[in-house]
Every structure is written in C-alpha cells, then in structure tokens.
Amino acid sequence: AFHSPNRPSHRHRMSASCPAASVGHPRLTGLKSLPVLMYHYVSRRKNSIAVHPDTFESHCRSMRRAGWTGIGLAEAEAYLLGQAPLPPRSALITFDDGFLDNYVYAWPILKKYGHKGVIFAVAGKLEQGTPRPTLDDVRAGRIREDGLPRVDAPYVRHELGFDERKDLFCNWEEMRLMEADGAMAVAAHSHWHRAVFAKPEYTGFHAPGHRSRTFDRVDFAVPWGLPAFAQRPALLRRAFVPDPQLVDAIRVLVPQDKAEAYAFFQDSGKVRELEALVATFAAAPPGLGAYESDADRTDRMTRELSACAATLADELGHPVRSLCWPWGAYCDEARDIARAQGFSVFFATTMGPNPPGCAAHVHRFKAKDKPGSWLLLRLFLYSRPWLAGLYAKMRL
C-alpha cells in the first residue's frame, strides 16, 4: 500500500525548504514561520489520524491561554504569498478531506475559543443536504448527544458479513454555513482523492470484502477480479493502464454482481481459473497493460483539478486558491495544471518552516491525540524557522 495513516509516505517535491524571506517584501515583520496544524478526524473512535473531541478542545483551550490564535485562511494566504505580515503566535488549523465530524465537533469548539480553521474538502465526496445537528445543539440542550450523526462509528456491516468503511462527509449547505459564520473556510483537496495503478506488479485481486480505508479508489473502472496492481497517488506520476482485452476477459469470467463475485472468490477452483487467465495475458505481448501517454496523463490530471476548482467555486460562490495535495503527493506538471485552474497556495504533508512567501510548498505537522502541552511545544518549534527546519530533519 502506498499510504499508511500513521504518517505520510511520500517525501517527493519536499524541497526543501521555503525561501528564507519574502522576496520583494523586505518590510514584512512579525511572525517568522507560520505553524500549520494538520488534522483529519475529530472523533471518539481510535484512529492513527484521529483526535478525540476532548483532546481537540484541550488544544484550542491551550492555544488561547498561551496567546496563540488560529487565523483565517485569507490571512494565511496573504502571508504565504508574501503579501502581508502576521502577528506573533499565529497558527493555521487545517482539516483534511471534509469529514462530517469537522462540522459536528471541530467547528463548535473552534468558535468557543475564538479560533478559525480551514477544511480541505474532497469536492466529489460532498453532496446536497440540510444542516445536521452539532455539538452546539447538545450544549444548548436542543438534542441529546446520541442524537448527533454517527461520526464516531465509520464502519457499516455489509449484508455479506464483512465491515466496510463508510465515513460521513459534510454536505454543501453545512460548508456554506461554516463559511458564512466566519470560523471555518473551505478549500481544495482534489475532486476525488484517488490513486492510479503504478506498475504491472500485483498482489491478489480486487474482490468484495472488508474496507479499512476511506480513500482506496483507483482512477480506473475496476471490475471484480482485476489484479490488484501497485498504486500511487493520482497527481504524482504516470498511470499504468490495464490491457482492455484483459479487462474484458475478466468481466466474462468473474461475475460483476457483488454477491456473486463474493461467492466466486470463496471457490478456490474459480480463483485458480482467474490466476491462469491473468498468467496467459502476462506471458504474451503486450502483457497486462501499458503506461499512459504524456497527453493522457495531462488530460487526466486536468480533469481532476479543473472539476475540483469548478465545483468549489460553484457551490461556495467564490473561487478557491488554496489546494492541499492528496497524500501530500504531486509532480511539477500537476502543480502547473493547478496554477492554470487558479490555485496559488499549495499545502503538503511534510514538516518544516513556513516563512513569508512560501506558497509553493506549505509545510504542515500532524496534530496528534496528545495533551495541549504537546501542541504548544510544537507551535513554539514551528514558529521559529531554524528550529522548524532542524526538527523536521530529525523526524525524517
């Protein structure tokens, strides 16, 4: 697998470091390096990328008591583009993906302590709907806590007997509500947050079963029975494309109804038949597939990023200029395409300093399910460029 939720697995394009100062803006004073916190889930369910709501509240409370302020995205963008300074003890609080718990738990807690934040939304995952209750409704006595959406229970039992991860996401009305309130901005995290096949090597086959990850989809119409080729983030590299004749042959052999496909893979004889079919294709040209052309790669990345930009602008009523790369993974071409779509500030998953003018690669650090004292130490480190750089190198 290319991604472990324990820590980002891609260190490409990680330059380095950002410029030591904002070129062309010598008068910028104040904050020398902007700490950017990276959250995903704010949930009671244990997960390596989840922070309990009580822990998140301790983070916000500790920041406020120590004089730190979670600033708005527009302020952060101006600083990162080298256009305006920030006062000391400013930090940017970010949430990846657009999970509903960000609305249910994180948004009310941010407001309570006077902080602001930003959700990097996977635009294609958000649907239309009406606002659901939040922690504010519980605190005001309008509902009981068990009346909140099931954001702490992401697994759903499938009728075939296995658990599937079915995370709930914010809807567009909730996103607009948070933006109108002023405490939470919404920015981009691609349209679908998908991977691509990376090479012809594979382990096993795509079959119905337990899903433990939220973002495990491939930018390809995957039939049951297709070899499980190695994967990489879709905006990182050229895709390996399975041979259409192989795909057609698999569709003939393996039932595409989910229940029937599940039964197929319970039959060892059927699985051996599938293995023999794939081996036959692998032994003769063109093999199991080929790599996409430069033009196809450009078209694929352009569709992903243009759909994201257009959807966000249409639903939010304004253009979005900040993009957080899925899995922190990108290439030069992806960044050029993103710029052509109007994005100008790019967030990664690597640790390091963020001095003024660092919009091309904004470092972030993972906020962990640890006490507020832990967070305050990291804010201190990442607000000082040389300490942030040193600490990031030590953590590689």
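The lining of the largest pocket in this predicted model divides into 13 nonpolar, six polar and eight charged residues. Ala, Val, Leu, Ile, Met, Phe, Trp, Tyr, Cys and Pro count here as nonpolar, Asp, Glu, Lys and Arg as charged, and the others, including Gly, as polar. A pocket is an open set of points on a 1 Å grid over the protein atoms alone where a 1.4 Å probe fits, with protein on both sides within 12 Å along at least five of seven lines; lining residues have an atom within 4 Å of a point. Of the 27 lining residues, His206, Arg211, Asp216, Arg217 and Gln231 lie nearest the centre of the pocket. Strand S11 (residues 227-233) gives the most to the lining, with five residues; helices (H or I, at least four residues) and strands (E, at least two) are DSSP runs numbered from the N terminus.

Residues are numbered from 1 along each chain as its sequence is written. Local features need pLDDT of at least 70 and side-chain atom pairs pLDDT 80 or more, whereas totals for chains, interfaces and linings use all residues, and side-chain values use heavy atoms, with hydrogens and water left out.

The largest nonpolar core holds 82 residues, of which Leu34, Phe56, Phe95 and Met175 touch the most other members. Such a core is a set of buried Ala, Val, Leu, Ile, Met, Phe, Trp, Tyr and Cys residues joined through side-chain atoms within 4.5 Å, where buried means under 20% relative accessible area (1.4 Å probe, protein chains only). Helix H3 (residues 100-112) gives the most to this core, with eight residues. Another core, of 18 residues, lies apart from it and includes Phe240, Leu246, Phe264 and Leu288.

His115 lies in the loop between H3 and strand S6 (117-121). The residue is buried, with a relative accessible area of 2%. Leaving aside neighbours within four places in sequence, the contacts of His115 (heavy atoms within 4.5 Å) include Cys60, Trp68, Ile93, Leu110 and Ala183.

In helix H10 (residues 332-340), Ala334, Arg335, Ile337 and Ala338 are buried. These residues lie on the same side of H10 because they cover an arc of only 160° around the axis, taken from the directions from the helix axis to the C-beta atoms. The buried residues of H10 are covered by elements including helix H9 (294-316), strand S14 (322-324) and strand S15 (345-347). Gly342, which follows H10, has a positive phi, near 105°.

How values were computed
Buried means under 20% relative accessible area, exposed over 50%, partly exposed in between (1.4 Å probe, protein chains only).
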